[in-house]
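Hello,

Here is the structure we spoke about. Please open it first, then read my notes below.

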Amino acid sequence: MLLTVDNLACRRGDLHVLTGLSLGLAAGRVLVLRGPNGSGKTTLLRTLAGLTPPVGGTITADPEAITYSGHADGLKAQLSVAENLEFWASVFGTLGIDAALAAFDLLGLRDRQAQNLSAGQKRRLGLARLLVSGRKIWLLDEPTVSLDAQNVQVFAGVIKSHLMTGGGAIIATHIDLGLADTDVLDISPFRAKSTDHNNPFLDEALA
Amino acid sequence: MIALLRRDMALTFRMGGGFGLSLAFFLIVVMFVPFGIGAESSTLSIIAPGVLWIGALLACLLSLDRIFQLDFEDGSLDLLATSPLPLEGVVAMKALAHWLTTGLPLTLAAPFFGFLLHLPQGAYLWTFLSLLAGTPALSFLGAFGAAITVGLKRGGLLLSLLVLPLYIPTLIFGAQTVTMIAKGQNNTTAFLILAAISLFTLAIVPFSAAMALRINLR
Amino acid sequence: MSLWEYANPTRFMRLTDRVLPYVTVLTVICLLTGLTWGFFFTPDDYKQGSTVKIIFIHVPSAMMAINIWVMMLVASLVWLVRRHHVSALAARAAAPIGVTMTLIALFTGAIWGEPMWGTYWAWDPRLTAFMILFVFYLGYIALWSAIEDQDTAADLTSVLCMVGSVFALLSRYAVNFWNQGLHQGASLSMDAEQHVDNTYYLPLLVSIAGFVLLFLTLVLLRTRAEIRSRRISALIAQERLR
């Protein structure tokens, strides 16, 4: 197992969002998170990534194996495509960005400044960062936003080869990526109810 | 980490306004002093050390919110926090990049602006040295304030209110280092305490600012 | 049963509900006794005349101004380490009282300073230090009110309070270095030779006790208000979740 979650409860700000959630991610598997807007997919991914501390439960994973990609791509408008990616390659201590550029069909845009990219090109560059991170567990929050159908296929291909090399991914998405064998987890049943709160300010004796 | 330093410096230079803006602001502050209090060289030379220090300090304040705000907005900070780099190191590198692009140019410019204010002979070197020793503390304390206010939509004014009181010891010992020399006194104590405050700030800010960033990112 | 259990909001509310009336009565008694005794039943100073009697407000408020900051620092550390909500809220509740005490100390000092030193304000190290304390309080209060999420606000203000305390202390020594002062030495001291005359000493102690109790009353009241306000926002959040 790359990542095991047991009886997790997470919160966003003062709000408990999810409770009693357990899941597992094995090498070579994709777990797709489903649920309506505001059901806590982003919160769950940020908690798994270690950005938000969980309220309860345990997450078992090597934190050095996780990389997270959120709604924002973390691109710098004033840097070129290559410079943006080279920065992340050196942060993660990996070498060579050409394979990542090629995988997302960005080689021709190498020296273009990120501010002159289209939304879809920016997204592809943001996703190319996953490849240079060299990490096994990908936590992806709506990765296909602003990608066209053809590039969704390209992205699905990248995921497939990532799985082939023993990686895994947890993806919050609404669209069908066309991956053959995916696990799907609907998180709406784990939504925290008002009675789940351990908030000391909700004690009736305070009234 | 060096990559982060290089990236931040490249961004400041390419973004425009970052690096030249503080110097221009510094010049304007220095220029306004004679407008405000008169151009008698005897008056100016008495207040010159303090004006240079306050001018540099205010110019430093201008670009503080850039240290983390842009990275917070475009998601880079999330990615850096989940990267192999320790967040403390990220803070230190970003504060260092701020110093190299703001504090250091201000330090280099200050002796020249000293001419405009008839800074007394012999105080030029100490103006330079005191700013060289003191401006790192300004950048690092600024990074702490920027880390605290990074999640706020309009944090700029609050950032100044939080950071300026923290600048008081640095300003006092920095300006005293120069003033005492201008008066012909021995300034060794003031300068050594200034350097000590600077080193102390460099030591504690990465940890406290990283703590604040973690709170703001969750 | 440990002391920490009172950090639970419910227990805190129950306890303070019982204690608060007594504390309030004690506050009124101490303040009335101390100030009446000080103002009307002590002789005028042979040098300073009746102006000396401002000491019965000036000294206690100045002491409280500093001690309230220290209390906020301790409460902040307790919050960061043990995550007791009441602790964070008590720090938040104390800050406006602290800033008021600082202002009272500055104003009474100015009123006292005019007949004594011939000026309402001087950049004396002690006076300057209080001015600096005042701006530290302002920053702390401003940060609390700027952040919406209450736990985040508690965390960030606590970190600020920690770092701020170090630099407030540094500033205190910095202004000593920067300017030698006019201000007399400490009014109270273990060393009998040092402190003020005995005729003032006792009423001053009673006044100080009154100010400490006044702070206690106010901080309990304000913490109770903060707890209620947190309850309201928790209820609203719960409502939204439904």
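A charge sits over a ring if NZ of Lys or CZ of Arg is within 6 Å of the ring centre and within 35 degrees of the ring normal. R83(C) does this with W79(C), at 4.2 Å from the ring centre. R7(B) lies over the face of F87(A), at 4.4 Å from the ring centre.

Some ground rules. This is a predicted model: local features need pLDDT of at least 70, side-chain atom pairs count only at pLDDT 80 or more, and totals for chains, interfaces and linings use all residues. Residues are numbered from 1 along each chain as its sequence is written, chains are lettered from A and ligands numbered from 1 in the order written, and side-chain values use heavy atoms, with hydrogens and water left out.

Aromatic pairs

Rings of Phe, Tyr and Trp (its six-membered ring) pair if their centres lie within 6.5 Å; planes under 30 degrees apart count as stacked, over 60 as edge-to-face and the rest as tilted. The whole structure holds 15 such pairs over all chains. F32(B) and F35(B) are a tilted pair, because their planes stand at 35°, with ring centres 5.9 Å apart. They are 3 residues apart in helix 2 (residues 18-37) of chain B, about one helical turn. Helices here are DSSP runs (H or I, at least four residues), numbered from the N terminus.

W126(B) and F191(B) are edge-to-face, because their planes are at 80°; the centres are 5.2 Å apart. W126(B) is in helix 7 (residues 123-149) of chain B and F191(B) in helix 9 (residues 188-217) of chain B, so the pair ties together parts 65 residues apart in sequence. In chain C, ring pairs join F39(C), F40(C), F56(C) and Y200(C) in a cluster.

Where chain C meets chain B

Contact means heavy atoms within 4.5 Å. On that basis, 27 residues of chain C touch 27 residues of chain B. The two chains bury about 2300 Å² between them, 87% of it on carbon and sulfur atoms. Buried area is the accessible area (1.4 Å probe) that two parts lose on being put together, summed over both. In chain C, L156(C), F167(C) and F177(C) lose the most area to chain B, together 27% of what that side buries.

There is 1 salt bridge between chain C and chain B. A salt bridge needs a side-chain nitrogen of Lys or Arg within 4 Å of a carboxyl oxygen of Asp or Glu. R218(B) and D155(C) form a salt bridge at 2.8 Å, N to O.

Best wishes

Key:
Helices (H or I, at least four residues) and strands (E, at least two) are DSSP runs, numbered from the N terminus.
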